[in-house]
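Please view the sequence and the structure before reading on.

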Amino acid sequence: MSRRLALITGASSGIGKALAQEFAANGWDLALVARREDRLRALADQLEDQHRIETLVIAADLNDPAAPKAIIDAVESRERQIDALVNNAGFGLPGTYTRTSWKQQSDFIQLMYISYCELVHRVMPGMEERGYGRILNVASVAGIMPGSRGHTLYSSVKSALIKFSQSLHLEGKASGIHVSALCPGLTYSEFHDVNNTRKLVSQMPKFWWLEADEVAKAGYDALQRNQVVCVPGLWWKFLTGLNQVLPGPASMWLMDRQSANLRNTGENTAKDSAS
Ligand SMILES: NC(=O)c1ccc[n+]([C@@H]2O[C@H](COP(=O)([O-])OP(=O)(O)OC[C@H]3O[C@@H](n4cnc5c(N)ncnc54)[C@H](OP(=O)(O)O)[C@@H]3O)[C@@H](O)[C@H]2O)c1
């Protein structure tokens, strides 16, 4: 088998699906992971036909702490090795911290941080041995900007992912491993439908919005050139750059004002809410 394999989590929609299309267009075989298996199969069939690649479909719920090991086992049982890992699966919780249950918050941390870290821990040693690897962690501009009212742990988890990626980037250098954190701003996907904030965020100006395929292309290109942090789009580059030069209290003041437009801080209305 001469083609390299990329494992992509959250490939059934949005940015993950676009990343799968980008990797496939660049000749990678794919292992596609998410819960909605029918969507993954449809995408896998389309990409196999279009790009003459091979795909594995792995239905998994990354809220389950056993999922990362099971995913890697599924790939290895097909005698394939993972050359690129794209940690992308995710969601957001509406409401403020105390208006969501601890189960929701702990599921959030499990999926959005622990599963990312465990998958890296399981695949990176093989990459080091082979002297080649690519790891893309999908973070967010929320990890660069100050924390907001509502969506509470989202910024901290994304911020931790950026730091995690920076450390891995340094640790992987000597072994030919590229590590990047992709930090999109508002992107058209199912994200805001899942957390019921579509109406709220639709009020944001059109030029704030990115297409999933432009985010995926920026992420893929950044990973190839081993750029540690990638912020797609001029507007978001400007905003994150401004944040670096503004005094902390001024950034916090701006975030406080903007939070009201971007975040639902009322009752929890997540579709998948758990008790
Ligand atoms: N859209 C934005 O504005 C934006 C901005 C910055 C960063 N991001 C980040 O981009 C990443 C992708 O989000 P998106 O915008 O593409 O949203 P999306 O369209 O809702 O896609 C989310 C993906 O994650 C998967 N997923 C969710 N929960 C899962 C679970 N428990 N187990 C396995 N897979 C799960 C979903 O698949 P299933 O439902 O089939 O499991 C889906 O494929 C996330 O990490 C998000 O934080 C998004």
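## Basis

This is a predicted model, in which local features need pLDDT of at least 70, side-chain atom pairs count only at pLDDT 80 or more, and totals for chains, interfaces and linings use all residues. Residues are numbered from 1 along each chain as its sequence is written, and side-chain values use heavy atoms, with hydrogens and water left out.

## Aromatic pairs

The structure holds 11 aromatic pairs. Rings of Phe, Tyr and Trp (its six-membered ring) pair if their centres lie within 6.5 Å; planes under 30 degrees apart count as stacked, over 60 as edge-to-face and the rest as tilted.

Phe23 belongs to helix α1 (residues 14-25) and Tyr220 to helix α8 (residues 212-224), so the pair ties together parts that are 197 residues apart in sequence. Helices here are DSSP runs (H or I, at least four residues), numbered from the N terminus. Phe23 is buried at 0% relative accessibility; buried means under 20% relative accessible area, exposed over 50%, and partly exposed in between (1.4 Å probe, protein chains only). Tyr220 is buried as well, at 7%.

## Cluster and charge

Ring pairs also join Phe207, Trp208, Trp235, Trp236 and Phe238 into a cluster.

Arg4 lies over the face of Tyr132, 3.5 Å from the ring centre. A charge sits over a ring if NZ of Lys or CZ of Arg is within 6 Å of the ring centre and within 35 degrees of the ring normal.

Definitions and conventions:
Helix = DSSP H or I, 4+ residues; strand = E, 2+ residues; numbered from the N terminus.
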